[in-house]
Amino acid sequence: KACRRMQDALHGKDAELGSRYAHEIGTGSVTFRSGKLVAMNLAVTDATYDEVVADIARKLAAEPQEGQDGFQNPFRSIVAKRTATWSIGPLVTQVSEQRETRQQGSAFVLVADRTFLEDAARNSSKQKQTSGPGTLD
């Protein structure tokens, strides 16, 4: 199955590949659409969220839009997850804090094409509208 996805990407088809083909990036994935790289997710475990945000801000020479997302973990505790987002030209870069991992303060980094993200959000919204209420609604 993984080889087929790699072949699809090489032949210009849509494909999502895990990091097993690029061990250097560690945990993460890349997404191809029509043969073009449109998104890359990386888990950064050797630096804190604050260090990653500072490094990206320095390299992009821009301050991020910062926010916080809250969610409830399996133990019913509310966990706040910080995010930092840059939208520069056709790219969106987002760093999300990952507190629930063993390595306290690790971060996920997403770099993606803005159009790809907008299309994904539209498709997700359409799916929610057509699927109807969930079992908890």
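Helix H2, formed by residues 49–60, contains 12 residues and spans 16 Å between its first and last C-alpha, close to the 16 Å expected at 1.5 Å a residue. This description, like those that follow, refers to a predicted model. Tyr 49, Val 52, Val 53, Ile 56 and Ala 57 are buried in H2. Viewed along the axis of H2, the buried residues lie within an arc of 130 degrees and therefore line one face of the helix. Arg 58 and Lys 59 are exposed and sit on the face of H2 turned away from the buried side. Just after H2, Ala 61 adopts a positive phi of about 55 degrees.

In the protein, 3 helices and 7 strands were assigned, and their order along the sequence is α-β-β-β-α-β-β-β-β-α. Strand S7 (residues 106–113) runs antiparallel to strand S3 (residues 36–44), and 6 bridges connect the two. Within this pairing, Asn 41 is positioned opposite Leu 110 of S7. S7 is also joined to strand S6 (residues 91–98), again in antiparallel orientation, through 8 bridges. Here Val 111 in S7 is the bridge partner of Thr 93.

Of the 137 residues in the protein, 27% are buried. The accessible surface comes to about 9,700 Å², and carbon and sulfur atoms contribute 51% of that area. Among contacts with a separation of 6 or more, 31% link residues 24 or more positions apart.

Methods
Residues are numbered from 1 along each chain as its sequence is written. This is a predicted model: local features need pLDDT of at least 70, side-chain atom pairs count only at pLDDT 80 or more; totals for chains, interfaces and linings use all residues. Side-chain values use heavy atoms; hydrogens and water are left out. Two strands pair if DSSP finds at least two bridges between them. Helices (H or I, at least four residues) and strands (E, at least two) are DSSP runs, numbered from the N terminus. Buried means under 20% relative accessible area, exposed over 50%, partly exposed in between (1.4 Å probe, protein chains only). Contact means heavy atoms within 4.5 Å. Accessible areas come from the Shrake-Rupley method with a 1.4 Å probe; for residues, only the protein chains shown count as cover. The expected span of a helix is 1.5 Å times one less than its number of residues. The arc is that of the directions from the helix axis to the C-beta atoms.
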